[in-house]
Amino acid sequence: MVSRVGEDSHGEQYIENFKTLKVNTDHVIKTKNETTGVAPITVADDGSNCLVIVPGANMILSSDDVEQAYNCIKNCKVLLCQLEVQPSTSLHALKLAKSLGITTIFTPAPAPVAKLDEKFFEYADVICPNETEAEALTGIAVTDTESGKKAAQVLVKKGCQIGIVTLGQNGCVFAEKSTNKVVHVPAPAVKPVDTTGAGDAFTGALAFYLARFPELPTEEKLQRSCQVASFSVCRNGTQTSYPFHHELPKKLTSA
């Protein structure tokens, strides 16, 4: 984990939580005069959610901070970036990882307001937006599976190897440059309790499968990632809803 927190109680809690979950915190930097980023969340009766992001110290994370983590990054199999930090910082990290032969994933969340630097499509092997984010990147309003497929194809045409658009309860669609595939991957039908963080559960699971089982076909990786995300929406909370390895069926954790 390469990030910044404030010198406050939230920051201390984040770091302790990472350590408890055995996440390396060597490059989680405490920042003076900035608060830890937070995202207050409200959840409706149907499990849908709304959140307000207060980025705080996240916006101070710099390209220099990324370079300080070079020795850690160079040993990674997969690097995952998003837009809760300065876009230039995420782009620098993707470029560095790409130069080291590391698989790169970019999830453009929250949806960019300004035009995104086209180099993101060059340095990200996989780009994975949700419907709103996909429209911001492609100009295509994603309202169903077919429009999602069109958006995924545009992502690939822009330069990434795999373009994925997540569709909530409808799973995801992906386009793949190497195979010319454009496929809908449905999600298991569940009764959601809280959908907060489902996209992160999906993307985190995808990073796991890319790192641990790179030989699996893309469609299989995404089917499994959808199942992990579906598992998470049946619990309350964000991180607290994510399943541990031992809680998942063996078919999801083996080749």
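Biologist: Which residues does threonine 253 touch, not counting residues up to four places away in sequence?

Modeller: Contact here means heavy atoms within 4.5 Å. With that rule, threonine 253 touches Phe213, Arg224, His245 and Leu248, leaving aside residues up to four places away in sequence. A word on the source: this is a predicted model, where local features need pLDDT of at least 70 and side-chain atom pairs count only at pLDDT 80 or more, while totals for chains, interfaces and linings use all residues. Residues are numbered from 1 along each chain as its sequence is written, and side-chain values use heavy atoms, with hydrogens and water left out.

Biologist: Where is threonine 253 found, and is threonine 253 buried or exposed?

Modeller: Helices (H or I, at least four residues) and strands (E, at least two) are DSSP runs, numbered from the N terminus. Threonine 253 is found in helix H10, residues 250-253. As for burial, buried means under 20% relative accessible area, exposed over 50%, and partly exposed in between, with a 1.4 Å probe and protein chains only. Threonine 253 has a relative accessible area of 15%, so it is buried.

Biologist: What about threonine 25: which place does it have, and which residues does it touch?

Modeller: Threonine 25 is in the loop between helix H1 (9-20) and strand S2 (27-31). Its relative accessible area is 16%, so threonine 25 is buried as well. Not counting residues up to four places away in sequence, threonine 25 touches Ile15, Phe18 and Lys19.

Biologist: How do I read a nonpolar core, and how many residues has the largest one?

Modeller: In soluble globular proteins, nonpolar side chains tend to be buried together. A nonpolar core is a set of buried Ala, Val, Leu, Ile, Met, Phe, Trp, Tyr and Cys residues joined through side-chain atoms within 4.5 Å. The largest one here has 31 residues, and those with the most contacts inside it are Leu79, Leu94, Phe106, Phe120, Ile127, Leu155 and Val165. Two or more residues come from each of strand S5 (78-82), helix H4 (87-99), helix H5 (119-123), helix H6 (131-138), helix H7 (145-158) and strand S9 (172-176). H4 gives the largest share, five residues. There's also a second, separate core of 17 residues, which includes Val78, Ile105, Cys172 and Leu206.

Biologist: Which residues does leucine 79 touch, not counting residues up to four places away in sequence?

Modeller: Leucine 79 is found in strand S5. It is buried, with a relative accessible area of 12%. Leaving out residues up to four places away in sequence, leucine 79 touches Ala93, Leu94, Ala97, Ile102, Thr103, Thr104 and Ile105. Leucine 94, counted in that way, touches Leu79 along with Cys81, Thr104, Ile105, Phe106, Phe120, Tyr123 and Ala124.

Biologist: Back to H4: what span should its 13 residues have, and which of its residues are buried?

Modeller: The expected span of a helix is 1.5 Å times one less than its number of residues. For the 13 residues of H4 that should be 18 Å, and the end C-alpha atoms are 18 Å apart, which agrees. Buried in H4 are Thr89, Ser90, Leu91, Ala93, Leu94, Leu96 and Ala97. Their cover includes helix H2 (63-68), helix H3 (70-73), S5, strand S6 (103-107) and H5. After H4 comes glycine 101, whose phi is positive, near 75 degrees.

Biologist: How many aromatic pairs does a search of the whole structure find?

Modeller: A pair of aromatic rings is described by the distance of the centres and the angle of the planes. Rings of Phe, Tyr and Trp (its six-membered ring) pair if their centres lie within 6.5 Å; planes under 30 degrees apart count as stacked, over 60 as edge-to-face and the rest as tilted. The search finds four such pairs. Phenylalanine 106 and phenylalanine 120 have ring centres 4.4 Å apart and planes at 25 degrees, so they are stacked. Phenylalanine 106 lies in strand S6 and phenylalanine 120 in helix H5, so the pair ties together parts 14 residues apart in sequence. Phenylalanine 208 and phenylalanine 213 have centres 6.0 Å apart and planes at 85 degrees, so that pair is edge-to-face.
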